[in-house]
Amino acid sequence: MVENRPFLNFLTHLVLILGVLTVVFPVYLAFIASTHGPTDFMSGIVPLLPGDQFSANYGYLLGTGESTAGAPPFLLMLGNSLAMAIMIAVGKIAISIISAFAIVYFRFPLRVPAFWLIFMTLMLPVEVRILPTYKVVADLGMLNSYSGLVIPVIASATATFLFRQFFLTVPEEMMEAARVDGAGPMKFFRDILLPLSRTNIAALFIIMFIYGWNQYLWPMLITTEPQYYTVVMGIKRLASVLDGDNQWNLVMAGVILAGLPPVLVIIFMQRLFVKGLVETEK
Amino acid sequence: MASIDVEGVGKVYSGGVRAVTDIKLNIADGEFIVLVGPSGCGKSTLLRMVAGLETISEGEVKIGSRVVNNVEPADRDIAMVFQNYALYPHMTVYNNLAYGLKNRGTPKAEIDARVAEAARMLEITQYLERKPRALSGGQRQRVAMGRAIVRKPAAFLFDEPLSNLDAKLRVSMRGEIKRLQRRLGTTSIYVTHDQLEAMTLADRLVVLNGGQIEQIGAPLEVYHAPASTFVASFIGSPAMNLVKGELHGDKLAIGPAMVALNGFAPTSGAVTVGVRAEDLRIARDDEEALPFRLEYTEELGAQRLIHGTVGDQQITAAVSPEIALSPDMRIAVDAKRLHFFSIDTGKRLPGHVPAEAKLAPVEPVI
């Protein structure tokens, strides 16, 4: 808005601040809770200031884990989650950018049906095909392995579709100019299309990393060995203790640990993302 | 450097749509050929077949003495300048120019030398480290030309390279393209829909219509002796007046009026008569002339275009702005300035050809 009235300024800021508080306050509470001892929550009064158990809680969780609840050390689970998320994100981008390249730039039989087939899977959530997928993965002997965690979710109709849409906006003359300049299809892909797709790749990496990191149902189905547990499953295991009270301080520390990496990825990649947006022009 | 021979080339798209029919065109080494025609006439398709960006359905294309029908564009020894420049946006100007050479494995030192030479020729040396987005339209056009020049190809192919520029820049770039082509002596094919651009650039014009060649000739030849009513109406601004007339012996009847032909009648019966606006003049009182009803005028500065009707047919004449006008005038024309076309085929009828059509082109002073 071009208008600049003090009252409107006050109002917009009020709304924004309220919005931020609504989002931030629960996260703040979780962090505060993770710095207290296990008995501080029994009174029913939730403390609002940090306690003195920060290093104890986090150190215990990262190093030892809560083995009685079936949660291995968080360091291991964080590593698993990171590996899975990166493999999913990189794999999804690599596969979908190549599929989109094939669909847009090559004429082959059944090209259009192939695209529609990919497009239609957009409408099927993972949960719909989860039983057959489990059967396939089990028969291939990929239960309890990284390949089992990653491969079934590595194809992405969304990313293929987005790359296709982007490639369609690249002028055809660009490809023709490259052909005249002596660049074959793969050279054109590497020298022209990949650099032009930088922003899309960065954006998709953020989305796909978080998608991979937040995988819950699938890892829970196919991993039975603690060695392959991911951090999102770990929280669930912490929070469901069979006998006795939940150790909320540890659960909250786990939540903070699980939430941190996606935030870091967004902060780090956003720079690249914005930079790419400013620099690239077709 | 090479000649280009287009032998009976045709293009049929999958689905049976025919874009180009039986084109025969022999281009001499160093010649500047302009393909001109309205949109959809097949001129770009023809150029792209020479470039290798479209497959050739019929006939063959030779560059030098080599048939290139199945040769990749990169191996045809041609360079192309596109309408939207098609510069690589993420590369600097230097890399844009060098990309084609790098792909051919040219040594680094030679790439440097060639890029520097092309940049100097096009006066873009100070922009070599910039990205295309930081350049103006005219500068981008120069970079696109530079990308063609550095390759030192046998032929330049231009696909409407000036259409994205504003009118003033177009005129100066036009001159520059001509100058560069003369200096480098590279065979060139240039596609445009702008007849003025075609006239000013071409050694020889190829006028295309509906995928077929209407006429091939030097600009003056095409202007003064158009081979068909299509060429007559397409080349020249304002377009040649085309009216229906009837030949009676040595007289031409246009509506109720008669014009003496002084022996220039090519045939008899109904014909289409063509006359350039500048060949019409306001008649003296004592001569045979056509009654002209003035409708409106357009001022061009040096000339004034007067639009009106003779009988029920539209006529435009170009006259000096100093001549006084009245709503009802008479206009006259010399019989030898008339063009006669068949009323059925639109083809020029054999007969008198104006002397201007045979004027030799001015050899450039370099």
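Predicted model: local features only at pLDDT ≥ 70, side-chain atom pairs only at ≥ 80, totals over all residues.
Residues are numbered from 1 along each chain as its sequence is written, while chains are lettered from A and ligands numbered from 1 in the order in which they are written.

View 1. Helices (H or I, at least four residues) and strands (E, at least two) are DSSP runs, numbered from the N terminus. Met220(A) counts as partly exposed because it has 15 C-beta neighbours inside 10 Å; buried would take 20 or more other C-beta atoms within 10 Å and exposed 12 or fewer, with C-beta atoms placed from the backbone. From Met220(A) to Phe10(A), the C-alpha atoms are 48 Å apart in space, and the two are 210 residues apart in sequence.

**View 2. The contact of chain B with chain A.** Here 17 residues from chain B meet 17 residues from chain A, a contact being two C-beta atoms, placed from the backbone, within 7 Å. On the chain B side, strand 6 (78-81) and helix 2 (93-103) each supply at least two residues, and helix 2 of chain B gives the largest share, 3 residues.

**View 3. The two domains of chain B.** Domain 1 (4-229) and domain 2 (239-352) of chain B have bounds from an automatic or database domain assignment. Their centres, taken over C-alpha atoms, are 39 Å apart. Domain 1 of chain B brings 4 residues to the contact and domain 2 of chain B brings 8 residues.
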